[in-house]
Amino acid sequence: MNAMDTGTPPRRLATARPLENVLVSAALAAQRVSWIDAPARALGLKPFTRRELTRQALAQARRAGSGRPTRMATAFGAFLMPFSGADADALLRRAQEAGALGAVTALDAEGRRTILTPHAAPPPTVNPVAVRSAATEAAAALLAARQPDGAFGRAEWRAVTRRLARRLVLGAGAADDTLVSEILDATARSADQAEHGARSAALRRRIEPYVHEGARAGAGAGPEAAYLEHALEVVTRALAETAPRAFALLATEGVERSVAEAVRRHPPLPATIHAVVAPFRWDDLTVGADTEILCATAWLRDLDEDRDSEGPDIEGRDSGGPDTAGWGSGGLDTADPLDDLSADLCAARVPCPAADLGVLAVTELVRALADRAGADAPTAAREAPDVSAGPVMGADPAHYAALATAGARNLQEHARRLADCARQPGWNHDAFGERCRMTLLAHAERCATAAADARRAADWLAN
C-alpha cells in the first residue's frame with residue numbers, strides 16, 4: 001500500500017475565493033507594519049490591531065472553506081492552509097509518515113523565508129543540574145554587562161546566550177567557539193537549498209570534533225552531528241527570542257508559566273512552510289506534489305481559541321473532541337505549563353528533544369536572572385530586559401510590556417522605601433514630624449497605586 005491507497009474515494013481540496021485570498025494576503029502584509037498597533041491600542045480600538053484584524057480575516061477564510069484546509073493564493077505565494085492546530089498537526093504527521101515532506105522554511109513578518117535545519121532527534125540524556133549551573137553563570141554575565149539604565153544591550157545578550165547555547169548543546173569545549181554560531185547564522189541566511197546544503201556541511205565539519213566528547217548537558221554520548229546542528233539552532237533561537245519575553249512577564253507570573261506564556265503568545269516560529277515532494281492522502285483529501293503547506297502556529301492558536309468559544313464548528317465536529325488533541329495543542333490549564341511546547345520551537349509536529357532542551361534552558365536562565373537580580377540589586381537591576389533594540393515608536397507590544405513592568409517595579413520599590421522612611425521613630429517628636437510622616441505615607445500610597453496600574457498595563461500589552 002502506498003501513500004495514496006485508502007478505502008475512500010478522494011476529495012479535491014477546497015480553493016479559496018478571491019475575497020479570502022485578498023484578506024489573507026492583507027493579513028500577511030500587515031505583519032510588516034508594526035506601528036499600526038500603537039494608535040489602535042492608544043485609542044482603545046483593539047479590533048483594529050494587527051492581531052485582531054488577522055483573526056477576522058482568517059475566521060472569514062475558515063468559514064468559507066467549512067473549516068477544512070484550503071488552497072490560498074496570497075501575495076507571498078500559493079499555500080495549502082489548515083485552519084486548526086489539530087488539522088495542521090494531523091496533516092503534517094501524515095505527510096511525514098508518507099515520506100512526502102521536503103524542506104521546511106520559516107516565514108517572518110517581513111515575508112522573508114529562512115531555511116530551517118531538518119528535525120533530528122536521537123534520545124539525549126538531559127542533565128538538569130548542569131543546565132541550571134550553566135544558566136546561572138550566563139545570568140551573572142548578563143547582569144554584569146547591564147547598561148547604566150539597567151537595560152540589557154542587544155549585543156551583550158546575543159553574545160552571552162549564544163555562548164550558553166553552544167555550551168549546552170556541544171559541551172564546555174565549544175563555549176568560546178564563536179565561529180560555530182557565525183556559520184549557523186550564515187546557514188540560516190542561505191538563498192536556496194544548494195547554498196544551505198553547502199553551509200550546513202561546513203557547520204557539521206565544524207561541530208564534528210565535539211560529537212564524541214560525551215560531556216555535554218543537553219545530549220547523550222556521541223549524538224550525530226545532525227542532531228547537534230538542529231539542537232543548536234533551536235536552543236539559540238529560544239534563548240534569543242523567548243527568554244527576554246518570559247523575563248518581562250515575571251511581574252505577573254511564576255517562572256514556568258512566564259516561559260509557557262512567552263512561547264505561546266510569541267512563538268519563535270510563528271509561521272512555517274512545509275514543502276510537499278510527493279502526493280499523499282490525508283483523511284479524504286488528496287494533497288499533490290509541489291504543494292506548500294503554511295502552518296501559522298500563532299494564528300492557529302487564535303483560531304482554536306475562537307472556535308472553542310463558539311462551540312462545534314461549521315461541519316459539526318466537536319471542538320473539544322479528539323480531533324483537537326494533536327501534538328502541541330495543549331493549553332495553559334495543564335498541570336505543567338511547560339508541557340507540549342515543542343511545536344512552537346521545532347517545526348516538526350512530533351516531540352523534539354532539542355525543543356525540550358530549549359525550554360529547559362530558557363526556564364533556568366529566567367529563573368537565574370530573577371534570583372540573582374533580586375538578590376544583588378533590588379532596584380534598577382530588577383527591571384525587565386530590553387533586548388529588542390527596536391525604535392521607541394512602533395516597537396513590538398512586548399517591548400512596551402517590558403518597559404511598563406520595569407516602571408512598575410521601580411515605583412513599587414520607591415513606595416516601599418518611602419513607607420520605611422515614614423516608620424522611622426524620628427518623626428514622633430512633634431506635630432510637624434507627624435505631618436511629614438503622613439505626607440510620606442500618602443506619596444507611598446500614590447506610588448503603589450501607580451505601580452499597580454503599570455502592572456495592569458504590562459499585562460494588557462503582553463496579551
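A residue is called buried when its relative accessible area is under 20%, exposed when this value is over 50%, and partly exposed in between, using a 1.4 Å probe and protein chains only. By this rule S25, at 14% relative accessibility, counts as buried. The model is a predicted one, in which local features need a pLDDT of at least 70 and side-chain atom pairs count only at pLDDT 80 or more, while totals for chains, interfaces and linings use all residues. Residues are numbered from 1 along each chain as its sequence is written, and side-chain values use heavy atoms, with hydrogens and water left out.

Confidence is described by pLDDT, the predictor's confidence in each residue, on a scale from 0 to 100. The chain averages a pLDDT of 78, and 77% of the residues score at least 70. Helices (DSSP runs of H or I, at least four residues) and strands (runs of E, at least two) are numbered from the N terminus. In these terms the chain has 15 helices and nine strands. The mean confidence is lowest in helix α2 (residues 37–42), at 68, and highest in strand β6 (residues 272–276), at 93. Two stretches have a pLDDT that stays under 50: residues 214–222 and residues 377–384. A contact means heavy atoms within 4.5 Å. Beyond four places in sequence, the model has 31 contacts for residues 214–222 and 32 contacts for residues 377–384.

Of the 463 residues of the chain, 50% count as buried. Among contacts between residues at least 6 apart in sequence, 71% join residues at least 24 apart. In soluble globular proteins, nonpolar side chains tend to be buried together. A nonpolar core is defined here as a set of buried Ala, Val, Leu, Ile, Met, Phe, Trp, Tyr and Cys residues joined through side-chain atoms within 4.5 Å. The largest such core has 61 residues, and V169, L170, I207, L239, L365, V366 and L369 have the most contacts inside it. Two or more residues of this core come from each of α5 (128–144), α6 (154–170), α7 (178–188), α8 (193–211), α9 (225–248), α10 (255–265), α13 (353–376) and α15 (431–462). Helix α9 gives the most, with twelve residues. Another core lies apart from it and has 35 residues, including F79, A95, V287 and L294.

In α7, the residues V180, S181, I183, L184, D185, A186 and T187 are buried, and what covers them includes α6, α8 and α9. T242 is placed in helix α9 and is buried, with a relative accessible area of 2%. Leaving aside neighbours within four places in sequence, T242 is in contact with R237, V259, A262, V263, P268 and V362. V359 belongs to helix α13 and is buried at a relative accessible area of 8%. The C-alpha atoms of V359 and V235 are separated by 8.0 Å, although these residues are 124 residues apart along the chain. In helix α14 (residues 397–422) is T405, which is buried with a relative accessible area of 1%. The C-alpha atom of T405 is 5.7 Å from that of A458, 53 residues apart along the chain. Beyond its neighbours within four places in sequence, S25 is in contact with A73, T74, A75 and F76.

A disulfide is a covalent bond between the sulfur atoms of two cysteines. With a disulfide taken as a pair of cysteine sulfur atoms within 2.5 Å, the structure holds zero disulfides. C352 is buried, at 0% relative accessibility, whereas C421 is partly exposed, with a relative accessible area of 32%.

A charge sits over a ring if NZ of Lys or CZ of Arg is within 6 Å of the ring centre and within 35 degrees of the ring normal. The charged end of R409 sits over the ring of F247 in this way, 5.7 Å from its centre.

Most residues other than glycine have a negative phi, and most peptide bonds are trans. S66, a residue other than glycine, has a positive phi near 55°. S66 lies in the loop between α3 (50–64) and β2 (70–74) and is partly exposed, at 28% relative accessibility. D290 also has a positive phi, near 70°. The loop between β8 (285–287) and β9 (292–295) holds D290, which is exposed, with a relative accessible area of 75%.
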